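Please view the sequence and the structure together while reading.

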Amino acid sequence: MGVAERLGERGLEIPPAQVIPPGVELTYRRLVRWGDVAYIAGHGPTYGEGWGSPLGKVGRELTIEQGVAAAQLTALNVLGTIQRELGDLDGIACWLKINGYVNAVDGFTEQARVINGFSDLILGLYGEEKLAARTSIGVPHLPFDMPVEVDAIIALA
């Protein structure tokens, strides 16, 4: 069974591609392939033209559970970029590295729990043998006041 079928079994789907708002300039590529490695730029919990999660800091505007859900949506957005740029989701040999950033209040220490929303989805879709090394850190601000941002590096089959 492929990744798309496993997503469907979980009742999940790839969100529409992010639409950049008028007046916002983002000068980068969402994914760069270099040989058998793909570098994926920071993604957040967007949904097409809008946001799929509340904006703000985890621990103030968002609960931990809302932060976890935002991280899962971010994983779906990363998968969407992979699918649109590389053609399918089954050509990933390994998730090499995941960097997760949590926009959180001062003193918040549950960053790893929040980013588990991303990692747990990848684990469920790809299995432990393809799961990445990971960093999860708290930051005082993220672009557009997103609650989470994640970038990744993957090895391609």
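Predicted model: local features only at pLDDT ≥ 70, side-chain atom pairs only at ≥ 80, totals over all residues.

Residues are numbered from 1 along each chain as its sequence is written, and side-chain values use heavy atoms, with hydrogens and water left out. Helices (H or I, at least four residues) and strands (E, at least two) are DSSP runs, numbered from the N terminus.

**The sheet**

- Five strands, in the order β1-β2-β7-β5-β6, make up an open sheet with mixed pairing; two strands pair if DSSP finds at least two bridges between them.
- At the edges are β1 (31-34) and β6 (133-139), each of which pairs on one side only.
- Neighbouring strands of the sheet are turned by 10° against each other on average, direction ignored; axes are lines fitted to C-alpha atoms, for helices over the stretch in contact, and angles run from 0 to 180 degrees between N-to-C directions.
- Strands β1 and β2 (residues 37-43) run antiparallel and are joined by 4 bridges.
- Within this pair, W34 stands opposite V37 in β2.

**Helices on the sheet**

- Helix α2 (residues 64-86) packs on the sheet and touches β1, β2, β5 (92-103) and β7 (148-156), where contact means heavy atoms within 4.5 Å.
- The direction of α2 makes about 40° with that of β7.
- Helix α3 (residues 111-126) lies across β5, β6 and β7, and runs at about 160° to β5.

**Surface patch**

- A nonpolar patch on the surface is formed by I20, L26, Y28, W51, L55 and F144, with about 490 Å² of accessible area together.
- Patches are made of residues with over 30% relative accessible area and no salt bridge, with like charges joined within 9 Å and nonpolar side chains (Val, Leu, Ile, Met, Phe, Trp, Tyr) within 5 Å.
- A salt bridge is a side-chain nitrogen of Lys or Arg within 4 Å of a carboxyl oxygen of Asp or Glu.
- Accessible areas come from the Shrake-Rupley method with a 1.4 Å probe, and for residues only the protein chains shown count as cover.
- L26 lies in the loop between α1 (3-9) and β1.
- L26 counts as partly exposed because its relative accessibility is 33%; buried means under 20% relative accessible area, exposed over 50%, and partly exposed in between (1.4 Å probe, protein chains only).

**Loop between β6 and β7**

- F144 is found in this loop and has a positive phi of about 60° although it is not a glycine.
- With a relative accessible area of 39%, F144 is partly exposed.
- D145 also has its place in the loop between β6 and β7, and its phi, near 65°, is a positive value in a residue other than glycine.
- D145 counts as partly exposed, at 37% relative accessibility.
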